[in-house]
Structure formats: C-alpha cells, structure tokens
Amino acid sequence: MKRLLLVTTMLVMSNLSANELLIQNVRLLTTSFESGVIVDLRVEDGIITEIGADLAPSPGATFLDGENQPVTAGFIDSGTTIGLAEVSGLGVSRDGEQVDDDMTAGFQVYLALNEDSSLIPIASNDGITRGLIVPEAGDSNYAGQSALVRFTRGAAFLQQQTVAQHLYLREGDRRRAGGSRSSALAAALEALEESARYDQQPRAFNTNKNRSFNLDESDLVALSAVRRGKVPLVVQVDRAADIIKVVTAFGSYPALRLVLASATEAWKVAPLLKAGNIPVLINVMENLPQNFDRLGARLDQATLLAEAGVRFAFFSGSPYSETRSLSQAAGIAVAQGLSWQQAITAITAAPAEIWGLKGLGRIEVGAIADLVIWNGDPLEVTSAPVAVLIDGARVDLETRQDALAKRYVELLNLK
Amino acid sequence: MTKLWLLIVGVALSWAVCADYPSTYEPPPHAAFVLTHAIVDIGEGQGEFNGWVSVADGKIAAIGRMDEPTPGDALEINAGGRWLTPGVIDVHSHLGDYPSPGYRAHSDGNEATSPVTAEVWAEHSVWPQDPQFPLALAGGVTTLQVLPGSANLFGGRSVVLKNIWSRTVQGMKFPGAPYGLKMACGENPKRVYGGRSQSPSTRMGNFAGYRKAWIDAQEYQKKWVRFEKALGEYELWRTSNEGESDYKEPPSPPKRNLQMETLVGVLKGEILVHNHCYRADEMAQIIDLSREFGYQVTAFHHAVEAYKIGDLLAANNICSAMWADWWQFKLESFDGIKENVAMVQAAGACAIVHSDSATGIQRLNQEAAKAMAAGQRLGLRVDASVALTWITRNAAQALGVADQTGTLAVGKMADMVLWSHPPMSVYARAETVFIDGVRRLDRAAGLSPVTDFELGQREEVF
C-alpha cells in the first residue's frame, strides 16, 4: 500500500512544472469584484513564489496572459460526492455509504473513488479545484471518513485519504440508533467511550477477551483519532436545541475538534458557537422549513453567522448541479447581506483553515497555485473560468458536455 | 339554427364538468399608480428602456418612456432606476402538493397507485399554507403551474395559481386558465410500476400504456358525441315535432368517467399537455403519438435533451421547459448541458426555464442567466432580454395565459417585479412584487405574506 502511494505521489510531482510559469496581468481581488490591482504571479513547482507588477521571466519560463481578468484562489467545496457516483440516481453506481453495520466510523470513501469520473472536470469547469468527498449515513450515524480531492482527472485526484469523521444527528437519523434523539446522541458518545477503552487495552480486543466492544477495530481506531483530535468530527445537525446538546456533549472531550454541518439553526445559537470557536458548514440555498428541525431555515443565515463572529464555510452536499453552483451560493449570500469578501472566503480560505489545508485558499507567496482566472465577477452566475490551475498545472476545461454541445450545434447549424 | 344551438348546449354540458371548482380569486382594489424611472423590460425580448408603467384596476393602463408624459392624476412611485420586469412564471412546480414541512402526511403530489391517473387533480392536494409560496414570491414568482408528479404515464390535471396567500386553493386559482394534463416519459413510470411487476416496466410498455388510454378516450368521446346527437334529435322532435327521433324520452347521458373527461379535454384542445420527457428520442416518439391521436403537445418538461431536436420542436410548435444545469441525477439526465436552453432558442423553438424545485423557484432569473451565459460562451446570440422571456412570456404561452400575463402590455394583468439589480445578476433581489396591481411583497416596507404554518414559529424569516 505504501509503495502504491509513493508511486501516486511521484506521478503527481511529475505533473508539476519543474520550470517557471509566469501568470501575467491578472487582477488580484481584495474586497470586491471592482477592487484590486493588476499583478503578475510567478509559479514554480506548483507554488506561488512571487507576486508583483511586471515580473521579469526566468529563462525558459512559460507564460499565461490573464488579460487583466480577475483571479481567485480555487474554490473548495466542503462537502460533495463527486467520484462516488456517476449517476446519483443509479444505486449500483453509488459508493458513498455503507450498509454493513459491522463497520461504521471505519468506513473510508477514498477506497471507492473513481479518479476517471467524467464528473470531475465539470467541477473544475466552475472554478472548484478541491473538495471534501463525504460519506452519507448508511446503517450507522457514524458514516465514516471523508477524503480530500483535487478536481483533476487521473492519479492526482486523491489528495488526502482521511480528512474528517462524519456523524449524522438530524431529524431522521435517530431511527438508526434507538429511535430517539436521546439514544442517538448516547450511542454516538458511547462509541467514543469505547474507543477510549480500546486505547487503554488494545490487546484485549485482539484476544477477544473483553466483551465490552461492540464496534469493529477499524471503527475504534477511527473514533480514537476523533477523540484525540487527530481528525475533526463533522456533525450534521439542524435544530438549535440539538446543536446545544451536541456542543455540550462533545465539548467534554477536550481534544476533539467539532465542526457542525447543515446547522440550519446555528444562527440562533451563534454566541455558543463563537465562544467554542466551532466552525459551521452551511448550504446557502437550503432555506426551506422541510421539517421541524429546520423551522429556522433562512437564506441570510451566513450574514447572521458573520455578524455574530462565527466561522463558516459553504458546501454543496451534492454530486451534481449544486456542486457546480458553489459560486452561485456565495453570490446569493452576498445578495442577502454578506460582504463579497466574506462570501469568497467561505469557499476558499475558510474551508482551507477548517480542514487544515496549508497553502490552499489564499493567493500569497508560498501558497499552492490553485488559481482561477475569470471572465467576470467570480460570484456572478454569468461568469465562468477562462483558466483553472491546480498545483500550478493548467486543467483541461473541455468536458463531455462541451463535446455534446459542439456536436449538436454543428448538426443543427445553430450558429 | 335550433339544431346548432342545441349542439352548443350539448357541448357546453359536457364541458361544464371541467369548469367545476371555480376560482374565487378577485384582486383587491388598489389606488391607481404610475411607476416611474424604471429600467423597463416588457418581456418581449426587445431590450429595455428607461420608462414608466401606469396601473389602474389591476391592469396595465399605459407604458411610456421617461421622455413621454405620464398620466397626470395617478400616484407616482419612483423606482429610482431599478429594473422592472413582468412577474416570473414557473411552469413546473409542486408547491402545495409537496409542501414544507415535507412529511409523508403532507406528501400529496403523486397518486402513484396506477399508471393512468388522469382523474386526479393537483389542486385537490394543494395546501395553501405551504410556506414555500411566499419564498417563491420573494423570487419574483407571480404565477405558477402545480403539476402532479411523474410516477404515472398520465399523472392527472395541473392547476395554474396566482402566488397569493389565501385560505383556499380556489382563492389562488388563476381565473380562466386552462387545465393541463401531466404526462411522463421514460424512467419514472417504468421504474415505479416495473418495480411492482406490473406494466409498464419498459419504455415500450410506457407507449403501449399511452396508446391504450388514448384509444379508450376516443371511445368515450364517441359515446358522448352519440349522446349529444341523440339529445339534439330528441329536443328537435319534442319542440317542433319536425324530423324523426328514435327517442320519445330524453336519452340518458353516459356515466361520467373523470379519467376520460381529462383525456377527452385534451383531444378537444381544451386541456394542455405538459409532458415530462428527458430524452430527445422519446420526445420524437411522443410527437408521433400525438399525431396518432390528433392532439397537440404544449410543452416537454425536464427536456434535458431538447437541444438535440430543436428543429423538430420548432416545426411542431412545442415548448421545452428546462433547467439551466441540472444533470446526472438519473441516467436520462446524463446528457444535460448548460447550453440546452440557448440552443433551443437558437433553433427557433419556444424555450422556458422551469424549476420543479421549491428552492429553484426562488431564483429562476439566475437560472435563466446561467443558461444565457452558457449560450453566449458557445457563440449563440442570446441576450438578457431574450433570457427574460424564458421565465415570463414563453412560460405564459405554455400555460395558455399569455393573453393575460407574461409581458407588460396595456390591458394585461399588472403582474410585475421591481429588482434591485439587473434581473440576470446573482445579486438581484425582487424588492417589490405586484400581482394584479397589488403589492404582495415589499422588502422596504417589511411586507410579505406569512402563512399560518409560519405564524408564531417562523415569522422572523423573510
């Protein structure tokens, strides 16, 4: 396994330009689409090494002229399922959940990813360069571990096998754990306790002398990492009353890094989240009171969280149109009162920080060159990338959809 | 002459069954006003101008440019250079039938108990207190069609609603709007019934099911024609003793069949066919089906592959209702492309952007904008004004209400939206929404409907 990973890494490295790429004449946005100055970006081995006006190229450098268009860091979707399903409605093509209750937290989506999926370039086509591929709850509320990917096809797709553990405690999730919110929360906490017992006497598990273990060893190892803060715990929870209980209960584990997702009513308990420095992942467009947990659903939730000083990032929660609409979601948040800069941050620097992705989400010297050059305001629905770079390498933006469009434009003589 | 009159009575009698459950909506009175200094796009795809619109008695009374004099006596509302468009129309919605909260107890959108349920009417499921209605209003939606779901070959009748808060669905019904019939192609019917080891379980099974139902409808129609003829003869004999009649007593009408009434309504051109159909090849076959039985398909909905047959759709005068970028969620949507809407437009066919979604309905303008931009990137000539017709005029045409709404024109309903930004911008919010001249949403004034469901537990959400 280790050897395979090493090969993968080397392949990725060989994709990177060993020489210099000089990106000329891009507008580095600051506080709005209208803001910023025209600069050049020097990229060496996938890293931004210099930012300034009229940089002198090194011998042998390649060039990319940004034609004074705006540039942003590549967007990061903090929750999608691209690579886990070619057609989400086709059960047989889905790999995002496990329905074997012998395995819960130990489930790892990275082993199921399809790095050749035709869906991948459709994400980068909309300026999304990285994403968290998140497991869905199957037979257990601990759904398992998410992976981080680059939206480029092939060996470089998988970036990180394990990013976070995912626990579901929304209205319908209690059916998997005793039928009550009380039992669902208790079961989630008991699993953590079990991982603590396992850490104290792992041999007892191996010799099967200790009957107190209900979980598989892979689950206990995974939960141990959560308990010890090695891997953040993302809890999908909506109702304010539940958020308070989740924050209180998991707060008793001092090292545990809690992240809330969906979190429809987080705005109602914003001071609690600010005090605990607990980040929140929200789906901007989900403003329907679809159940009694979500009565407080509203379109301006990001604005309320920002005003209260809560950290947040946006996620799409979907393998298809919502993923490509991540920038649209950010634009909607702006229309609802969020500042343009905060909206961009929620899909760049904020998720990078939440997931501990050093060098991503920012354009600065030393940062990874995940860059998107746009033909207009990056948050406008009418804008599109003209160039996308991942690790400093130009991504081919041609998709299967482009091929379809081209075929029928010609066949019907539409131009 | 008498004979003709009687024939009309007979036809009216059979049609009367379709005119039950009438609309009780009456726009409340309002003061006449003139909206000035607006960037007006009337919804005909001809661009915008700096102008004014005057409204009286719920109708548009006059439209002019700012350099033309406004009617003097009306109350002036200065739009301050904001953007005025016709009200947004969604031709494909399930609001009220699949409301929020979305519990099973509320899930009333699909009578998935038989492949042919043309007898059900979507309006009988609509919960007027669905909080999704005001959310759609906040997106500028003034008119919407609520359709039954797509599990069945014939899902039932649709209803066209005005997006106003009312205690009853009758109070929301668009007065005089024709009914629609929901039909469905492809995966859904064959999956739902095939999964129960019942027909249809294949696409060819779908077609056999359509054809059988239309044959039944033709037979039913004949029964009524025979009855009407006999009634005419009887009445003539009774009143004038002229001619001959086999009837010495009035003939009794055939037993009403609600399923057949809806299908016959289509054959008579009174009910419009809204056909859920993703794939181009299936749409082409549905066109042949409509020829076989002599009816017109008004619109293909979810027409993800309409771009492949824009010429055929134009030649057959069929609208395509489409998403901007939904794709991949099922196999029949796998060939979805962002350029779809613009390519249908470029082929000279009627293009519509629809939602089929309680979130999507809140931003049809943005969806139209996405589709427009994709077309422009491909080099097609579509501009913001053309894109606006996809969610206004063309949608009204597909609902059979284009003579009453869908564009800003003198004599039409004053269904209008005042936007904060150009309507094709993600930043555009519907700031004021007028329905029949009445302000139903006004953000500055804090005016928005609050449904009973929201009262006391969700009022703060605007």
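**Close-up views of a predicted model**

**View 1. An open, mixed sheet of six strands in chain A.** In this predicted model, six strands of chain A form an open sheet with mixed pairing, arranged in the order 7-10-11-12-13-14. Strand 7 (142–145) and strand 14 (312–314) of chain A are the edge strands, each of which pairs on one side only. On average, and with direction ignored, neighbouring strands of this sheet are turned by 25 degrees against each other.

**View 2. Strands 10 and 11 of chain A, with helix 6 packed on the sheet.** Strand 10 (residues 165–168) and strand 11 (residues 233–237) of chain A pair in the parallel sense over four bridges, and Gln165(A) has Leu233(A) in strand 11 as its bridge partner. Helix 6 (residues 240–251) of chain A packs on the sheet, where it touches strand 11 and strand 12 (258–262), and its direction makes about 160 degrees with that of strand 11.

**View 3. The two domains of chain A and their contact.** Chain A is divided into domain 1 (1–73 + 361–415) and domain 2 (75–360), whose centres, taken over C-alpha atoms, are separated by 28 Å. In the contact, 29 residues of domain 1 meet 29 residues of domain 2. Helix 1 of chain A gives the largest share of the domain 1 side, four residues, and by class this side divides into 15 nonpolar, nine polar and five charged residues.

**View 4. The contact of chain A with chain B.** Chain A brings 36 residues to this contact and chain B brings 45 residues. On the side of chain A, helix 9 (321–324), helix 10 (326–335) and helix 13 (400–411) each supply at least two residues, while the classes there are 22 nonpolar, ten polar and four charged residues.

How values were computed: Residues numbered from 1 in each chain as written. Chains lettered and ligands numbered in written order. Predicted model: local features only at pLDDT ≥ 70, side-chain atom pairs only at ≥ 80, totals over all residues. Contact = placed C-beta atoms within 7 Å. Nonpolar A, V, L, I, M, F, W, Y, C, P; charged D, E, K, R; others polar. Domains from an automatic or database assignment. Pairing = 2+ DSSP bridges. Axes fitted to C-alpha atoms, helices over the stretch in contact; angles between N-to-C directions.
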